[in-house]
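Here are my notes for your first look at this model. Please keep the structure open while you read.

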Amino acid sequence: MKVRNILFSIAVTAVLAAAGAADAGAQQKRALVIGIGDYPARSGWREINGDRDVELIVPMLRSNGFAQENIFTLVNEEATKSAIEAAFRDLASAAEDRDELYIHFSGHGQQVTDVSGDEPDGLDEALIPYDA
């Protein structure tokens, strides 16, 4: 499968570390929900139903105390590499100590060579943005 080399890994742990540990005394509940199902035909990635998961996850978050204004979504063409990176930066900068963070990605992923040497199998996992 021909795929442009726009793969990247998002370290959720880095966002959590920047925000502080989540616990029962959380100040705010914040979420980033990414769903991609309709990748461009030129990308080589098959269509999947990742975008439909957003419609399920957001109401679940709302019923678990997440305010709508604290739930940020990126769906299909909105979920580019730069938009996902910006959303992670925004989430990290908005988060305060004891905030609870929920990050959800529904879309394609793949393994890539581990360049830091921290994976026993020599592979890192990568998320595939819309513009990969």
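1. Asp 51 sits in helix α2, residues 50-63. Helices (H or I, at least four residues) and strands (E, at least two) are DSSP runs, numbered from the N terminus. This is a predicted model, where local features need pLDDT of at least 70, side-chain atom pairs count only at pLDDT 80 or more, and totals for chains, interfaces and linings use all residues. Residues are numbered from 1 along each chain as its sequence is written, and side-chain values use heavy atoms, leaving out hydrogens and water.

2. Which residues does Asp 51 touch, not counting residues up to four places away in sequence? They are Gly 35, Ile 36, Gly 37, Val 75 and Asn 76. Contact means heavy atoms within 4.5 Å. Asp 51 and Gly 107 are 56 residues apart in sequence, yet 7.7 Å apart in space, C-alpha to C-alpha.

3. Arg 30 belongs to strand β1, residues 29-35. Arg 30 is buried, because its relative accessible area is 13% (buried means under 20%, exposed over 50%, partly exposed in between; 1.4 Å probe, protein chains only). Beyond four places in sequence, Arg 30 touches residues including Phe 66, Leu 91 and Tyr 102.

4. Arg 30 is also one of the residues that line the largest pocket; Phe 72 and Asp 90 are among the others. β1, β2 (71-75) and α3 (81-94) each give two or more residues to this lining. The largest share, 4 residues, comes from α3. A pocket is an open set of points on a 1 Å grid over the protein atoms alone, where a 1.4 Å probe fits, with protein on both sides within 12 Å along at least five of seven lines; lining residues have an atom within 4 Å of a point.
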